[in-house]
Amino acid sequence: MPHLFSPIKIKNIELKNRIVVSPMCEYSSTDGFANDWHLVHLGSRAVGGAALIITEAIAVSPEGRITYGDLGIYKDDHIENLKRITNFAHQHGAYIGTQLAHAGRKASHDLPWKGGKQVPADEPNGWHAVAPSALAFTDTEIAPIALDKAGIEKIKADFKVAAKRSLDAGFDVIELHGAHGYLINEFLSPLSNHRTDEYGGSFENRIRFLLEVIESVQEVWPAENPLFVRISATEWTEDGWTADDSVALAKVLINKGVDLIDCSSGGNVATAKIPVKPGYQVEFAEKVKKESGILTGAVGMITEPKQADEIIQEGEADLVIMAREFLRDPYFPLRAAHVLNEDVKWPLQYERAKWQ
Ligand SMILES: Cc1cc2nc3c(=O)[nH]c(=O)nc-3n(C[C@H](O)[C@H](O)[C@H](O)COP(=O)(O)O)c2cc1C
């Protein structure tokens with residue numbers, strides 16, 4: 001029976017444990033460039049013993065950024081600073097992935113600590129957001145521009161170049177951001193996708209954009225490298241995307257060469273009531289895993305070593321993906337190993353602090 005510190009092989013990488021750093025936007029870039037903040041933020045978690053670190057949502061185009069402070073991978077010039085981070089992670093025994101993203105109708109917002117409001121296109125740091133349909137996220141926001149066919153093709157091409165740059169920058173994993181109400185999620189959901197062409201309507205049509213993005217990425221991303229997709233497994237509304245839709249999608253994705261589904265939820269319906277509590281999304285990772293056979297990652301209010309270990313031991317998910325606890329404690333994996341009586345390698349520089 002695997003446990004939190006059992007290794008797992010996914011395509012050409014073997015993770016040393018099941019603990020993954022979840023993507024976390026830092027809103028600390030200028031024109032998409034990674035900088036010292038990103039090196040220290042991601043690097044600390046590599047030193048802290050995570051097996052895999054996934055970068056924050058990294059925009060495939062400038063207009064695909066949530067804010068003007070988002071990390072980007074829309075220029076060749078972005079590669080050099082990212083490579084410094086992947087090298088550092090590798091030196092410390094961690095694998096590292098990019099979360100390739102397009103914010104769709106949630107683009108062009110201010111930084112959270114400046115209020116996070118939508119920035120209109122005619123104001124500094126604002127631009128026109130695009131989406132499957134011209135439906136605003138909230139009543140008070142400006143509606144996005146509905147993508148035409150050329151717009152869809154351009155975004156698919158942006159994902160492809162971004163995947164190639166991810167490879168050149170030394171990333172081991174790509175995770176496509178299909179959750180939280182951003183562009184891919186907007187196509188998946190019948191609530192944000194009212195298209196009448198081949199990208200809207202039926203389930204098969206609504207998943208088409210994601211499948212085509214996957215195909216674009218796979219033209220440059222080697223088949224032996226892991227490819228993950230993060231989804232919002234439910235929208236927590238009556239008429240939206242459901243957990244059964246997530247299982248149906250997983251059955252398609254497994255045959256497309258996707259290795260793992262990172263099961264988050266919500267974010268596409270501003271009024272949805274989400275019953276947040278410890279491990280509140282684990283049930284989706286379990287359902288998708290058991291009903292489709294694909295590997296899954298569980299995320300959401302996983303904060304304790306024993307809680308994380310039980311998720312793996314009980315076969316509810318293959319990976320435990322953690323965000324905020326890693327902000328409180330970059331060394332969570334080292335602490336968890338101590339709590340669970342596992343002997344793990346510490347960074348040589350920190351070895352004298354190892355609990356005996
Ligand atoms: C500061 C912050 C930034 C986040 N940015 C992203 C992101 O870029 N992409 C994403 O998929 N989720 C993002 N999330 C969501 C987390 O990855 C995670 O799914 C969520 O916080 C629940 O996990 P937790 O309870 O362990 O924090 C972010 C969360 C936080 C706290």
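These legends go with a few close-up views of a predicted model. Local features need pLDDT of at least 70 and side-chain atom pairs pLDDT 80 or more, while totals for chains, interfaces and linings use all residues. Residues are numbered from 1 along each chain as its sequence is written, and side-chain values use heavy atoms, leaving out hydrogens and water.

**View 1. Polar side chains at the ligand.** Here we look at pairs of N or O atoms within 3.5 Å. Gln99 puts a polar side-chain atom 2.8 Å from a ligand nitrogen. Arg230 has one 2.9 Å from a ligand oxygen, and for His177 the distance from a side-chain N or O atom to a ligand oxygen is 3.1 Å. Taken alone, the ligand exposes 610 Å², and the protein buries 82% of that (Shrake-Rupley method, 1.4 Å probe).

**View 2. An aromatic pair.** Tyr27 and Trp113 sit edge-to-face, with 5.9 Å centre to centre and 80° between the planes (rings pair with centres within 6.5 Å; planes over 60 degrees apart are edge-to-face). Tyr27 is in the loop between β3 and α1 and Trp113 in the loop between β6 and β7, so the pair ties together parts 86 residues apart in sequence (helices, at least four residues, and strands, at least two, are DSSP runs).

How values were computed: Polar contact = N/O pair within 3.5 Å; in protein donor to acceptor, adjacent residues only side chain to side chain. Phe/Tyr/Trp six-rings, centres within 6.5 Å; stacked < 30°, edge-to-face > 60°.
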